[in-house]
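Here is a friendly briefing to read alongside your viewer. Have a look at the fold first, then follow the topics below.

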Amino acid sequence: MSKLEINKTVEGTKYVFMPEGEINTNTAPEFEKELDAALSDVTEMIIDFEKVTYVSSAGLRAVIATYTKIEGKAEMKLINMSEGVREVFEMTGFADYVNIE
């Protein structure tokens, strides 16, 4: 079973999430729950993918669901993606909607 560690920093209404490991069917619900916990007061959400080794469709869905919930209320940025993870977002067309740096 894969493991995902989710670190975060909060500076006022700016949340930076730093997941580490795989975001897959087993770990995506926990990841989405962590993101959802920030929804009430977030104005800027950054997800740092530097230590993410894999994102499945369930992981992509968790990010998309969060993006849908904060769209128009807060800015979401995805940073430090590996080529493989970036390709998942580009192939699905999601890269057209969210800011990937």
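The protein chain has three helices and six strands, where helices (H or I, at least four residues) and strands (E, at least two) are DSSP runs numbered from the N terminus. Along the sequence, these elements come in the pattern β-β-α-β-β-α-β-α-β. Please keep in mind that this is a predicted model, in which local features need pLDDT of at least 70 and side-chain atom pairs count only at pLDDT 80 or more, while totals for chains, interfaces and linings use all residues. Residues are numbered from 1 along each chain as its sequence is written, and side-chain values use heavy atoms, with hydrogens and water left out.

**Overall shape and surface**

- Along the principal axes, the C-alpha atoms occupy a box of roughly 30 × 30 × 20 Å.
- Buried residues make up 45% of the 101 in the protein chain; here buried means under 20% relative accessible area, exposed over 50%, and partly exposed in between (1.4 Å probe, protein chains only).
- The accessible surface is about 5500 Å², with 48% of it belonging to carbon and sulfur atoms; these areas come from the Shrake-Rupley method with a 1.4 Å probe, and for residues only the protein chains shown count as cover.

**Contacts and charge**

- Among contacts with a separation of 6 or more, 64% come from residues 24 or more positions apart, contact meaning heavy atoms within 4.5 Å.
- There are 10 positive and 19 negative side chains, and the centres of the two sets are 5 Å apart.
- In that count, Lys and Arg are positive and Asp and Glu negative, leaving out His and the chain ends, and each charge is placed at NZ of Lys, CZ of Arg, CG of Asp or CD of Glu.

**The nonpolar core**

- The largest nonpolar core holds 29 residues, and F31, M45, I47, F49, M76, L78 and F89 touch the most other members; such a core is a set of buried Ala, Val, Leu, Ile, Met, Phe, Trp, Tyr and Cys residues joined through side-chain atoms within 4.5 Å.
- Two or more residues of this core come from each of β1 (4-11), β2, α1, β3 (44-48), β4 (51-55), α2 (57-70), β5 (75-79) and α3 (83-91).
- Helix α2 gives the largest share of this core, five residues.
- Beyond its neighbours within four places in sequence, I47 is in contact with F17, P19, F31, L35, M76, K77, L78 and I79.

**Residues to inspect**

- T27 sits in the loop between β2 (14-23) and α1 (28-36), and T27 is buried at a relative accessible area of 3%.
- N80, in the loop between β5 and α3, has a positive phi near 55 degrees although it is not glycine, and N80 is partly exposed at 40% relative accessibility.
- S57 belongs to helix α2 and is exposed, with 62% relative accessibility.
- S57 and K8 lie 49 residues apart in sequence and 23 Å apart in space, C-alpha to C-alpha.
- G72, in the loop between α2 and β5, is exposed with a relative accessible area of 79%.
- From G72 to T43 there are 29 residues in sequence and 9.8 Å in space, C-alpha to C-alpha.
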